[in-house]
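Dear colleague,

I would be grateful if you could read the notes alongside the coordinates.

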Amino acid sequence: MAQQCVLFAGGYSPWKIVLASDPSPSVRYAAEEFAMFFEQLCGARLPIISDSVFPASYEIVIGESLRTSDDCGCPKDIAGGEDVWYQIREDRVVIAGGGLRGTLYSVYEFLENECGVRFFTPSLTHVPRRDSVILPVKTHSYHPPLEYREVFYYNPCHSADWCARNRVNGGHAPLAEKHGGAVRWHGFCHTFQSLVPPEQYAETHPEYYSLKADGTRATGRRAQLCLTNPDVLRIATEQVKTWLREHPDATIVSVSQMDGTTPETMLPCLCDECRKVDEYEGGHSGTILHFVNKIAEAIEEEFPYASIDTIAYAYSIQPPKHVKARRNVIIRPCFRDPDLLAEWYRVCPRLYIWDYVTNFRHYAMTFPNYDTIAPNIRSLIENHITGIFAQGVYDTPGLDFEELKAYLFAKLLWNPSLNTEQLINEFMAAYFGPAGAPLKRYLDVLRAKIRDENLPLLCFCNLPVPYITPEIIEFGKACFDAAERLAGTPEILRRVQQSRLSLMFMELMYTPKGSPGRDEAIDRFFDRVQYLGVLLVSERNKLPEARQRMKEMSGLYELAKEIPHDANRPDEI
Ligand SMILES: [Zn+2]
C-alpha cells in the first residue's frame, strides 16, 4: 500500500501546528487559517505551538522555523516570495513557501488540492465535511507565472480575504500585512504632472516642461516633462520618495507620461538634450527610461521592496535601442503586438498589462467570455507578460455572473493551466445548488455559439451582438424559470434573480420603442436592479439616467447610431 499521512481518523488527530517563535504576520495568519479550515473540515482543533519545544512526530510545520533549517527542500528567500511548497510525509507535514506570501499561499493550495476546499466568493467557501483526512505522501511545489495578478471586479476589490485565499495580489483589494501585503501602486498612471506640478512650477520654470516645435514650452493639462533637466529629475525623485514614505504599503510608484494620443497632445520634449537622447535610443522611450532608471536607482537603498513603473504608450511605444531597465523597473505596454512585446522584453523583463475584460458600454449585457480567459492569459504569458490587471465590472456587484467570472480570473491568473470547464462546473453547483444545472445549460449554449461561430467579444461595443438572438433569449428565459423553481432557498433565489438581470436587459434592449408595455417593463427592470443591490448597468450613467435613457431609445439600431462606435480600444489606458 502506498505511504499515507493520517491527519484525522476515528474522531481523533494527534497533530500539532508548529511555528517559528517569532513568525511574520502572514505566517502566523497562515497557521490560523489552516487551523480554522481544518476544524471545519473534520471537527478537530489543532493546537498551534512554537518551534522552541523539542521536535516530535505529527507536526504540521508552517513557515520557516528551526524545523526547516535541515535540508527539507523548502524554498528559501525566493525572488518574489510567492512560490508554493509543501511536503506530506507519514509523520510530518511542512508547508513553507516563499517568504512574502508564499507560505500563506501554500496553506491555501494545500487546502484546495489535498482537502477539496474552494474559495468561491467572499461569502461562499466550500469546505467538505470529512470523517477522516488521509493524504498520500508527496511533495508539491508551484511557481506562479505572473508576479502581479489583479481581478478588478466589484467583490474582489472589497474582500481582502477572498483575494488572498485565491492568490490575487493586486492592491485595489484591502490586502493587509497579515495577507503579506499587495502589489500596490501609489500614483497608478499618467503621473508626470503630479510629480512636477505645472501650477507650482510652470510660471517660474517653464523649462521644466516640454519644448514644442514652435520654440515655446507646453504647460497645459497634458504637458509632458523635460526629462533631461536635472532639476526635474531632482524634484520628481523627491516626490517619489515622499509618496513612498507617506504610503508604506505602496510597492510601486508610476513615473509615467500624461495621457494623450493626438498630435496636439503628444508633446515629448524637443529640447537639444532630450532630442539627443531620443535620437540615440531611436524613440521617445529613450528619455523616459533613462529618467525612470535614475529614480529607480535613487530609491533602491531606502525602499528595496519598491519598483518604479512607466508606460509604453502613444509616442513611447517603440523600445529604446540601448538602455536597459533596472531590476526595480516595470514597464506597462499599452499594446498587444507580439513582436513589439518581444522587443520590450529585451529591455525590461517585467512587463505588466492592463486588460479590459467586459463591455464598458453595457455592464448589464451578456458578455460570455468564459472560454477566452485562460487562452488569453496563456497567450499574454507566452508574450513575456509578468503581470495582469484584469479590469472587469469593478463598480457594481451582481451582473452577468460576475462572481463566477471573478473566480475564473482569480484561479486562472494564478494557474492558467487549470481546466475552465471544471472550474465552472464546481462553481455553478456550489453557488446555485439545484438551480445550477439549468443555468449551466444556458451558459453552455452561449459558449457554444461563440466558439462554433468564432464570434468576437468587444470591450466597447454597442448592441446588437450576434450571439444574442431571439431564440437564445427564449431558451435563456426557460432556463432561468427552471432555476427559479429549483432555487430552494432565498439566498440562491436572489443569486438566480441577480444573474437573470443581464438576460432581462438584453430582451429590453432588443424591444423597439412603442412596443406595448415597454416602458413599464423598463421600470420593472430598474426596480429589480435596485432591489437586488446592483449599482450600475453601464460604466457612464447612474441608474436614474440609465432608466430614462433606455426609455428614450427608439430601438437598437438607432442606439448604435447615437453613440459613436470606436470599436475595441486595446491601446487606450
Ligand atoms: Zn527636454
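A salt bridge is taken here as a side-chain nitrogen of Lys or Arg within 4 Å of a carboxyl oxygen of Asp or Glu. This is a predicted model, in which local features need pLDDT of at least 70 and side-chain atom pairs count only at pLDDT 80 or more, while totals for chains, interfaces and linings use all residues. Residues are numbered from 1 along each chain as its sequence is written, and side-chain values use heavy atoms, with hydrogens and water left out.

By this rule, the count is 37 salt bridges. One of them joins Arg495 to Glu491, with the closest N and O atoms 3.3 Å apart. These two residues lie 4 residues apart in helix 16 (residues 490-509), and are therefore separated by about one helical turn. Helices (H or I, at least four residues) and strands (E, at least two) are DSSP runs, numbered from the N terminus. Arg495 is buried, at 7% relative accessible area, whereas Glu491 is partly exposed at 34%. Buried means under 20% relative accessible area, exposed over 50%, and partly exposed in between (1.4 Å probe, protein chains only).

A second pair, Asp371 and Arg447, forms a salt bridge of 2.8 Å, N to O. This pair links distant parts of the chain, 76 residues apart: Asp371 is in the loop between strand 16 (351-356) and helix 11 (373-382), and Arg447 is in helix 14 (residues 436-452). Asp371 is partly exposed at 31%, while Arg447 is buried at 4%. Both belong to a network of salt bridges that also links Glu421, Lys440 and Asp444.

With kind regards
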